[in-house]
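I opened a new page in the notebook for this structure. I want to go through the parts of the fold and then look up the metal site.

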Amino acid sequence: MMIVMKRGATTAQVANVTARIEEMGCQAHLSQGEERTIIGIIGNGRPIDREKLEQMDGVERTVPILKPFKRASREFHPQDTLVSVNGSVIGGNKLVVMAGPCAVESREQMLEAARVVKEAGGTILRGGAFKPRTSPYSFQGLGVEGLRILGQVRAEVGLPVVTEVMDPELVPLVSTYADVLQIGARNMQNFALLHAVGEAQRPVLLKRGMMSTIEELLMAAEYILSHGNDRIILCERGIRTFETYTRNTIDINAVPALKQLTHLPVIVDPSHGTGRRELVEPVSRAAVAAGADGLIIEVHPHPEEALSDGAQSLWPEQFATLMHGLRTIAAAVGRKL
Ligand code: PEP
Ligand code: MN
């Protein structure tokens, strides 16, 4: 439920209402708009006496929130949440492009990739040290050694790093190397992991599960938000459909739907979304046109030698061309790159 305070309600009136909510064993979540204050109530499962709250000084009305996600909802928090990562802001006018190889394979490969990404205008370097693979016999990532490489390349090239964490116990370790913690599609509902990254107080890139609904994605974000960590970037990375020509099907609907339902920034992964490098550029354009706040793209210095996801990894020149072309689309929708 939300309490809409009257225009010009005093600080003391807001404090009184907040105190009453806490006395009821609930949590109050304040959202200070330009015109009025909205107080969101996170309940404890017990019914809330709306009438009592409506009689308090300064209260205009109470509004029930019917959606199961509260902190993630736009109703609760009308303004866009801006997630800042080492000085660059995600969710504002400027688009973010995270790019790099699927997996960290060697220091040389990461250095080369990072230079390609930086030169083309990418702002965050991606690369998995811990890889969730369908087969236990596929390359699983370099693990801690991969994290060390990411740390070195980050220092040398000067790009912040996003990398996946798969184990709640490894969240503190991964946090020492990563500027953004990635929760992969397969772990979107790994609740222990969501609790752990909620505690980490680091920005989180939360990827939509390949068989998850938009609502389930927002409920996963709610787990992280419930720990007070609101630095969450949502990612549409394609869902399973009957189509087999592409690896997944990008749910372009999810972009404007999420932008309407939540205040959290939304990016798109056209690499895992299509599985085919020749589709990555047009789908990136579609994502930006649909209102995405950015992209995460796989680019490899030598895709033919990649240990994972080579077929969807862009050649360095392709990435540069994509970035260049994207500027026109960004400008057309009033965004910058
Ligand atoms: C990734 O981005 O490295 C990845 C494994 O993607 P997803 O979790 O979306 O499959
Ligand atoms: Mn990949």
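The entries below follow the order in which I looked things up.

**Entry 1: domains.** I noted that this is a predicted model. I looked up the domain bounds and found domain 1 at 2-63 and domain 2 at 83-332. Their C-alpha centres lie 37 Å apart.

Entry 2: I found an open sheet of four strands in the order 2-3-1-4, and the pairing is antiparallel. Strand 2 (27-32) and strand 4 (59-63) are the edge strands, since each pairs on one side only. On average, neighbouring strands of this sheet are turned by 20° against each other, direction ignored. I then checked one pair: strand 1 (residues 2-5) and strand 3 (residues 37-42) are joined by three bridges and run antiparallel. Isoleucine 3 has isoleucine 39 of strand 3 as its bridge partner. I reminded myself that strands of a sheet pair through backbone hydrogen bonds.

Entry 3: I traced a closed barrel of eight strands, 7-8-9-10-11-12-13-14, with parallel pairing. From one strand to the next the twist averages 25°. Strand 11 (residues 204-207) runs parallel to strand 12 (residues 232-236), and four bridges join them. In this pair, lysine 207 stands opposite cysteine 235 of strand 12. Helix 3 packs on the sheet, where it touches strand 7 and strand 8, and its direction makes about 145° with that of strand 8.

**Entry 4: helix 3.** I looked up its extent next: helix 3 covers residues 107-120, which is 14 residues. From first C-alpha to last it reaches 20 Å, close to the 20 Å expected at 1.5 Å a residue. Which residues of helix 3 are buried? I listed Gln109, Met110, Leu111, Ala113, Ala114, Val117 and Ala120. I kept in mind that an α-helix has 3.6 residues a turn, so residues three or four places apart point the same way. The cover over the buried residues of helix 3 includes strand 7 (96-100), strand 8 (124-126), helix 4 (144-157) and helix 11 (316-332). Just after helix 3, glycine 121 has a positive phi of about 105°.

**Entry 5: the metal site.** What coordinates the manganese ion (ligand 2)? I found Cys102 (SG), His272 (NE2), Glu298 (OE) and Asp309 (OD), at 2.0 to 2.4 Å. Along the chain, these donors follow the spacing C-x169-H-x25-E-x10-D. Histidine 272 lies in helix 9 (residues 270-274) and aspartate 309 in the loop between strand 14 (294-298) and helix 11, so this pair ties together parts 37 residues apart in sequence. Histidine 272 and aspartate 309 are both buried.

Technical notes:
Residues are numbered from 1 along each chain as its sequence is written. Chains are lettered from A and ligands numbered from 1 in the order in which they are written. This is a predicted model: local features need pLDDT of at least 70, side-chain atom pairs count only at pLDDT 80 or more; totals for chains, interfaces and linings use all residues. Side-chain values use heavy atoms; hydrogens and water are left out. Helices (H or I, at least four residues) and strands (E, at least two) are DSSP runs, numbered from the N terminus. The expected span of a helix is 1.5 Å times one less than its number of residues. Buried means under 20% relative accessible area, exposed over 50%, partly exposed in between (1.4 Å probe, protein chains only). Contact means heavy atoms within 4.5 Å. Domain bounds come from an automatic or database domain assignment. Two strands pair if DSSP finds at least two bridges between them. Axes are lines fitted to C-alpha atoms, for helices over the stretch in contact, and angles run from 0 to 180 degrees between N-to-C directions. Donors are N, O and S atoms within 2.8 Å of the metal (3.2 Å for Na, K and Ca); water is not among the atoms, so sites may look incomplete.
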